[in-house]
Amino acid sequence: MVPWQGNLSFRVYNPDKPKKYGIKAYMFCDAVTGYCLRLKLYPGKSETPASANGATYDLVMDMMRGYFGQGYILYMDNYYSSPQLYTDLFVLGCGATGTLRVNRKGIPQRIKDKKYHDRKVVYLLSTIEEAAKAPCGRVAPRTGTPIENPAIVNVYNKYMGGIDRSDQMVSYATFNARTLKWWKRVIFHVISLATLNAYLCYKTLTPRKPMLHRVFRKQLVTELVQSVNRACVPGMSTKPVGRPSTAAEPIMRLQGQHFPMKIVGTGIKKNITRACVVCSVAERQRLESIGEKRKRAGKESSYQCDKCLSALCVDPCFKLFHTHKDYIAAYKTRVMVNK
Ligand SMILES: [Zn+2]
Ligand SMILES: [Zn+2]
């Protein structure tokens, strides 16, 4: 659910959530990583009538499109489960496991007779799991004996937990400012979800460099800002981003107050340095002019500008960068000539 307090024709009420009103969103996620594959908003009751199997059945089948016949197993909660859905998914080459509401019509009596007691009575349905007991991985705190649950319960908890965690991570990280438009709230939610997806990819691809979700987000913002700044300063970008700046426009770099700031590491490495945007560019250009090609030239700095976020030597590059329209030329005439 995307939290939303204001008036909206398709706002829903959910007493189980900390924020009880919102816009309902259905998520289709990878159960191991939590990566969201599909998101669908609930825009109120549909005008096109549902199939004979019902709107929830149609929704699941729509979410699964492209994933049939490949040996996937779909885990879902009791909102979606029905014997008809599970049977049809099985026929289409997709296993299914989930909790079940027995008051739904079409549930056979023999299913209602088999239930599992947790803190309350739980019904589960599956086309692939067994009901035989298996250790769940926890031990009873008093006796120290391993706790056993039906295998289906263990598997269900394992894979549905991933979805809850991803939902939780988005709710912690999402931009929660009071905005007046519901669609802005939805867009921020989608951006948060996309960022979480990127983070989950990062985690999967670089398991040796762990990074917290919030650190990842901060780094992402820094890099996005940097790429915009690069597009605005000469000699930094080959591909212009956004609209081209006109000569009459004031250059951000030459306005206001800018101070040097230490570049802070986000991972294990503490002392981060980056190539200075002034001397390293000027030095590379000089080397190129005499026919030498090098990947690295000039100095690396552990300082950057707190506003521009460009890496700069404190002396003299910082001042040149912030006082000259063409700071590369300024560096060449003032520093290189003296060499
Ligand atoms: Zn420099
Ligand atoms: Zn600056």
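Reader: In which helix is N197 found?
Author: This is a predicted model, in which local features need pLDDT of at least 70 and side-chain atom pairs count only at pLDDT 80 or more, while totals for chains, interfaces and linings use all residues. Residues are numbered from 1 along each chain as its sequence is written, chains are lettered from A and ligands numbered from 1 in the order in which they are written, and side-chain values use heavy atoms, with hydrogens and water left out. Helices (H or I, at least four residues) and strands (E, at least two) are DSSP runs numbered from the N terminus. The helix in which N197 is found spans residues 182-205 and is α5.

Reader: Does N197 count as buried or exposed?
Author: Buried means under 20% relative accessible area, exposed over 50%, and partly exposed in between, with a 1.4 Å probe and protein chains only. Leaving aside neighbours within four places in sequence, N197 is in contact (heavy atoms within 4.5 Å) with Y35 and C36. Because its relative accessibility is 11%, N197 counts as buried.

Reader: How many helices and strands does the protein chain have, and what is its radius of gyration?
Author: The C-alpha atoms of the chain fill a box of roughly 95 × 55 × 40 Å along the principal axes, and the chain has 9 helices and 16 strands.

Reader: What share of the 339 residues is buried?
Author: The accessible surface (Shrake-Rupley method, 1.4 Å probe, with only the protein chains shown counting as cover for residues) comes to about 22,200 Å², and carbon and sulfur atoms hold 56% of that area. Of the 339 residues in the protein chain, the buried share is 34%.

Reader: Which residues of α1 are buried?
Author: The cover over the buried part of this helix includes β4, β5 (36-41), β6 and α2. The buried residues of α1 are Y57, L59, V60, M61 and M63.

Reader: What is the arrangement around the zinc ion (ligand 2)?
Author: Its protein donors (N, O and S atoms within 2.8 Å of the metal, or 3.2 Å for Na, K and Ca; water is not among the atoms, so sites may look incomplete) are H258 (ND1), C305 (SG), C308 (SG) and H322 (NE2), at 1.9 to 2.3 Å. H258 lies in the loop between α6 (213-232) and β13 (260-262) and H322 in helix α8 (residues 317-323), so the pair ties together parts 64 residues apart in sequence. Four donors count as tetrahedral if all angles lie between 85 and 135 degrees. Because the 4 donor atoms subtend angles of 101 to 118°, the arrangement is tetrahedral.

Reader: What spacing do the donors of the zinc ion (ligand 1) follow along the chain?
Author: This ion is coordinated by C276 (SG), C279 (SG), C313 (SG) and C317 (SG) at 2.2 to 2.3 Å, and the site, with angles of 103 to 117° among its 4 donor atoms, is tetrahedral. Both C276 and C313 are buried. The spacing of the donors along the chain is C-x2-C-x33-C-x3-C.

Reader: Which peptide bond is cis, with omega near 5°?
Author: The proline concerned, P316, is found in the loop between β16 (303-305) and α8. L309 lies in this loop as well, and has a positive phi of about 60° although it is not a glycine. The cis bond runs from D315 to P316.

Methods
Four donors count as tetrahedral if all angles lie between 85 and 135 degrees; four count as square planar and six as octahedral if opposite donors are over 155 degrees apart and all others between 65 and 115; anything else is irregular.
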